[in-house]
Amino acid sequence: MAARDAARRAGPARHRPAPAGKLYEEEEDDALPDSDALPDSDDEVELDKPRPIQIVLAHEDDHNFELDESALEKILLQEHIKDLNIVVVSVAGAFRKGKSFLLDFMLRYMYNRTSPCWIGGNTEPLTGFTWRGGCERETTGIQIWSEVFVIEKPNGTKVAVLLMDTQGAFDSQSTIKDCATVFALSTMTSSVQVYNLSQNIQEDDLQHLQLFTEYGRLAMEEIYQKPFQTLMFLIRDWSYPYEHAYGLEGGKKFLEKRLQVKQNQHEELQNVRKHIHSCFSNLGCFLLPHPGLKVATNPNFDGRLNDIDEEFKNELRNLIPLLLAPENLVEKEISGSKVTCRDLVEYFKAYIKIYQGEELPHPKSMLQATAEANNLAAVAGAKDLYSKGMEQVCGGDKPYIAPSDLEQKHQDFRESAIRQFRSVKKMGGEEFCRRYQEQLEVEIEEIYANFVKHNDGKNIFYAARTPATLFAVMFAMYIISGLTGFLGMNSIAALCNLVLGMALISFCTWAYVKYSGEFREVGTAIDQIAEAIWEQVLKPMSDNLMEDHMRQSVKNSIKAGLTEQVAHHARLKTD
């Protein structure tokens, strides 16, 4: 027992991640870089070789956290998974308790789940998420495995499975804020949170969990439902199998006893238990035996099954499928709606904002962040629906469409997008959601303006407006210059010749810009000037001429009609 308490998991050697499908190979040549080689936020994230990727960076100097958005997007916004519902399995808890060690067995299962011997051979080193023995922490921030597994559930639907490793809590370098931030982030973004504990569930474990679930209590008051999904207490090194047997059933009975609310309990103890029950939809517990003295005391232990007790391996064969078998997968939900990979990116961005201040935010702000991300995801989905519809009408190589028809299509797709936005279950209340609907309407109008410009660019007459306007100016200036010169108004004639020359230079410059693609700003300025001349001078003049012509035509028609009637009456009188 003393040996168990003295040393926890493994020897000092670091263990490197192995590529997909090669977890059973012992050759070190195929291993990937360890966590020291993890890409920084500014580096390119390559997804060809599976490995742990840091998505939440911990800055020890100011105890702040930063989201590596590009790394997260490259993993979750891949074309084949971005619209799939996501399952996020996270392991959290105190540092140096074997979280990464456990996740590597999860990786073995995911890569070899169809094999009855998925746990591996007896002489294979354990690879995947980096881990080591000793008393110093290994993982910082939050890491995810770069390969997202696409699994088909028994009902035929496909889901994306993401494995998440978190910084251990309560080490010598982390503040309470740091611990709460990492635990809360992982709990808010995961569908299954494995709470990794050693030997027992102590009261301080529950009190720390109460801090992290305070957000859930407030959120439930606002939306009347539990904010988090599944919490699995994983009790490592369980030493009392004679009281509660190893595994899920023994854990269930033990957890019921630990979380039981009794009349004679102090109010503080009752509140802790009530909070936990009120914040998670499902609670479970698994009792795992000690892996053996070789694991705890051998400084060269590298995860080989030969060094692990058979009892531990047997329970591990039960635990991992319980979490990751297709029939047991729990899809991530927020406010009753399933979350896709694309949505999870938005939630991460919203949640990380509230943790980048100096103080741990009030849990109420987490509700605001969830509501914001929820509404932003709904806005993004509605905008995507509108854009796809408009693309089918006038996008890409589609032919020119009449502006009136385009306006009608815009109104139809706009209404469809707003209906979709309203149909999505959203948090925050009607007033809060109305602001995002207004934002959606503004953004749709901006997208529509771009489609109008794109459509106008396909109109050959619209494209010819600038040269036609410049030609009209040159022709008018040429005529006026000739007339005023003939009449002796030389100053006016010279001014007209100057305007004529400027119009000619503008036309030549515009033609060069359109041909070469250079000096586009100059071409845009000429287009704007030509459009202003067209709108302010030529179009009103043409409209006036057309109006005068129409008025004269009507007068002539009326006059001809009256003349014919008078002539007809005159003939009748003569007859």
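The questions and answers that follow concern a predicted model.

Q: What makes up the chain in terms of helices and strands, and what percentage of its residues is buried?
A: The chain contains 17 helices and eleven strands. Of its 575 residues, 46% are buried, the criterion being under 20% relative accessible area. Among contacts with a separation of 6 or more, 75% join residues 24 or more positions apart.

Q: Why is α15 called roughly antiparallel to α16?
A: Helix α15 (residues 465-486) packs against helix α16 (residues 490-516) at an angle of about 160 degrees, and their axes are 8 Å apart. Angles over 145 degrees count as roughly antiparallel, and α15 is therefore given that description relative to α16. The crossing of the two helices is left-handed.

Q: Which residues of α15 and α16 meet, and what is the contact by class?
A: On the α15 side the residues include L470, F471, M474 and M477, while those of α16 include I492, V499, L500, F507 and W510. By class, this contact has 16 nonpolar residues, seven polar ones and no charged ones.

Q: What makes α2 and α10 roughly antiparallel to each other?
A: Helix α2 (residues 69-76) and α10 have axes 9 Å apart and pack at an angle of about 165 degrees. Since the cut-off for this term is over 145 degrees, α2 and α10 are roughly antiparallel. Their crossing is right-handed.

Q: Which residues of α2 meet α10, and how many charged residues does the contact have?
A: E69, L72, E73 and L76 of α2 meet C341, R342, L344, V345, F348 and K349 of α10. The contact has six nonpolar residues, no polar ones and four charged ones.

Q: Why is helix α10 described as largely enclosed by the rest of the structure?
A: The description applies because eleven of the 14 residues of α10 (residues 341-354) are buried. Among them are D343 and K349, as well as L344, V345, Y347, F348 and I352.

Q: What is in the largest nonpolar core, and which residues have the most contacts inside it?
A: This core has 78 residues, and V56, L76, I86, F233 and I235 have the most contacts inside it. Helix α11 (residues 363-394) gives the most to this core, namely ten residues. A second, separate core has 40 residues, including M110, I151, V159 and A325.

Q: Which residues is L76 in contact with, leaving aside its neighbours within four places in sequence?
A: L76 is in contact with I81, K82, I86, V148, L162, C341, R342, L344 and V345.

Q: How do you know whether N375 counts as buried or exposed?
A: The relative accessibility of N375 is 0%, and N375 therefore counts as buried, the limit being under 20%. N375 is placed in helix α11. Residues up to four places away in sequence not being counted, N375 touches F421, K426, M427, F432, C433 and Y436.

Q: What is the phi value of D237, and is D237 buried or exposed?
A: Phi of D237 is near 55 degrees, a positive value in a residue other than glycine. D237 lies in the loop between β8 (228-236) and α6 (248-258). With a relative accessible area of 1%, D237 is buried.

Q: Where is Q199 found, and what is its phi value?
A: Q199 is in the loop between β7 (192-198) and α5 (203-223). Phi of Q199 is near 70 degrees, a positive value in a residue other than glycine.

Terms used:
Residues are numbered from 1 along each chain as its sequence is written. This is a predicted model: local features need pLDDT of at least 70, side-chain atom pairs count only at pLDDT 80 or more; totals for chains, interfaces and linings use all residues. Side-chain values use heavy atoms; hydrogens and water are left out. Axes are lines fitted to C-alpha atoms, for helices over the stretch in contact, and angles run from 0 to 180 degrees between N-to-C directions. Helices (H or I, at least four residues) and strands (E, at least two) are DSSP runs, numbered from the N terminus. Angles under 35 degrees count as roughly parallel, over 145 as roughly antiparallel, 65 to 115 as roughly perpendicular and the rest as oblique. A crossing is left-handed if the near helix is turned anticlockwise from the far one by less than a right angle, and right-handed if clockwise. Contact means heavy atoms within 4.5 Å. Ala, Val, Leu, Ile, Met, Phe, Trp, Tyr, Cys and Pro count as nonpolar, Asp, Glu, Lys and Arg as charged, and the others, Gly among them, as polar. A nonpolar core is a set of buried Ala, Val, Leu, Ile, Met, Phe, Trp, Tyr and Cys residues joined through side-chain atoms within 4.5 Å. Buried means under 20% relative accessible area, exposed over 50%, partly exposed in between (1.4 Å probe, protein chains only).
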